[in-house]
Amino acid sequence: MSAEDPPQPIPGARLLFSLDPAVSYLNHGSFGALPISVQRAQQRLRDEMDLNPMRFFGPGLLDRLVHTRRHLAAFLGADPEGSALTTNTTAAVSLVLQSAGLGQSDEVLLTDHTYGAVAMAVRRECRRTGATARTVAVPLGASGPEIVSRVRSALRPGRTRLLIVDQLTSATATLMPVRELVAAGRDAGIPVMVDGAHAPGMLPMTVDEIGADFWVGNLHKWAWAPRGTSLLVVAREWRRRIDPLVVSWEHDQGFPLSVEFQGTLDYTPWLAAPAGIFAMRTLGLDKIREHNVALAAYGQRVVGQALGLAPAELPDPGPGVSMRIVPLPAGVATTIPEAHALRAHIAEKLGVESQVNAWGGRGLLRLSAQIYNRPEEYHRFAERLPAVLNTWHW
């Protein structure tokens with residue numbers, strides 16, 4: 001198979017999911033999609049919970065949470081004693097911000113690729129504490145050394161109290177050199193939080209080798225866990241300082257149970273998460289990853305060609321990434337409201353679920369690839385998209 005050929009579909013993969021067959025779902029990166037086997041595993045847990053709530057929420061629940069946490073931490077190469085189950089990445093970011101002890105002379109440093117909800121959480125905490133949020137610009141397509149150089153130059157020891165960087169950016173689908181960025185923060189004596197929302201399941205990795213003070217990733221995107229499942233990993237020196245957003249009965253136990261146990265929270269997404277990992281391993285993790293990376297690159301190339309873009313105009317996100325960006329024509333979807341409206345318009349007119357983001361004054365179409373996708377879906381999208389863009393008006 002040449003680089004121009006699409007990857008061979010994984011036989012029967014589409015039948016593992018309950019997605020609407022009338023829709024081309026090219027946006028796995030936003031909310032994931034749950035295999036039927038994992039849906040059933042979670043439903044069995046829901047049935048168990050409602051059969052006898054007292055028994056389900058009894059002392060045995062803590063043991064099940066600890067067992068699940070250990071399983072997920074092992075999958076990600078993280079210390080289970082330094083990990084906590086949380087509902088999503090943005091909740092974990094708010095938890096870390098609250099625990100950071102920001103003051104009026106402090107600042108939090110972000111890049112302009114930071115996920116929007118994370119940036120909002122930072123700004124809110126800065127308003128509450130009197131700290132400052134500052135953003136460093138990183139051009140789309142910048143090399144790893146250039147990214148590190150720009151971030152390192154923006155750090156201000158003694159004032160920058162927290163650096164937040166993405167492992168794989170959401171709007172721009174860019175793989176960041178997180179190990180080097182963490183090292184830059186460490187050299188300056190500045191704690192670093194890595195937003196790895198898209199990393200679990202997509203990227204082979206060992207979280208502990210990244211060395212961040214805080215790392216968080218969603219398992220409900222690319223690791224096939226039920227929505228509302230993420231893992232926050234905290235360096236040893238920070239664990240006693242973690243201040244839960246919600247105080248509940250395990251508060252005095254300290255991290256991680258003080259974060260995980262929240263009374264009548266629905267714990268079934270977490271408890272069912274190992275079923276997603278089992279499903280991936282059954283098919284073959286490497287096979288899934290190689291297929292998705294190749295198909296995302298193929299889809300980007302097909303759609304990019306339809307929009308008249310040369311190969312050099314299509315950003316390369318880095319190795320192992322199964323999301324790709326296609327820049328939209330100048331003047332199209334340059335603001336967040338326009339991007340949201342165009343995404344909905346594409347879904348209505350073409351029956352295609354994609355993602356449209358506005359970044360740096362340019363509209364960016366983001367395409368994901370998962371094993372339920374097929375090359376012909378990208379071809380059909382490419383054939384019909386130019387006409388929709390030519391007739392769409394905000």
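Analyst: Buried means under 20% relative accessible area, exposed means over 50%, and partly exposed lies in between, with a 1.4 Å probe and protein chains only. This is a predicted model, in which local features need pLDDT of at least 70 and side-chain atom pairs count only at pLDDT 80 or more, while totals for chains, interfaces and linings use all residues. Residues are numbered from 1 along each chain as its sequence is written, and side-chain values use heavy atoms, without hydrogens and water.

User: Why is Tyr-267 called buried?

Analyst: Tyr-267 has a relative accessible area of 0%, so the residue is buried. Trp-270, at 1%, also counts as buried.

User: What makes the pair of Phe-56 and Phe-57 edge-to-face?

Analyst: Rings of Phe, Tyr and Trp (its six-membered ring) pair if their centres lie within 6.5 Å; planes under 30 degrees apart count as stacked, over 60 as edge-to-face and the rest as tilted. The centres of Phe-56 and Phe-57 are 5.2 Å apart and the planes stand at 75°, so this pair is edge-to-face. Tyr-267 and Trp-270 form another edge-to-face pair, at 5.7 Å and 70°.

User: Why is Phe-57 called partly exposed?

Analyst: The relative accessible area of Phe-57 is 25%, so the residue is partly exposed. Phe-56, at 2%, is buried.

User: How do you know that the charged end of Arg-241 sits over the ring of Trp-238?

Analyst: The criterion is NZ of Lys or CZ of Arg within 6 Å of the ring centre and within 35 degrees of the ring normal. The charged end of Arg-241 sits over the Trp-238 ring, 4.0 Å from its centre.
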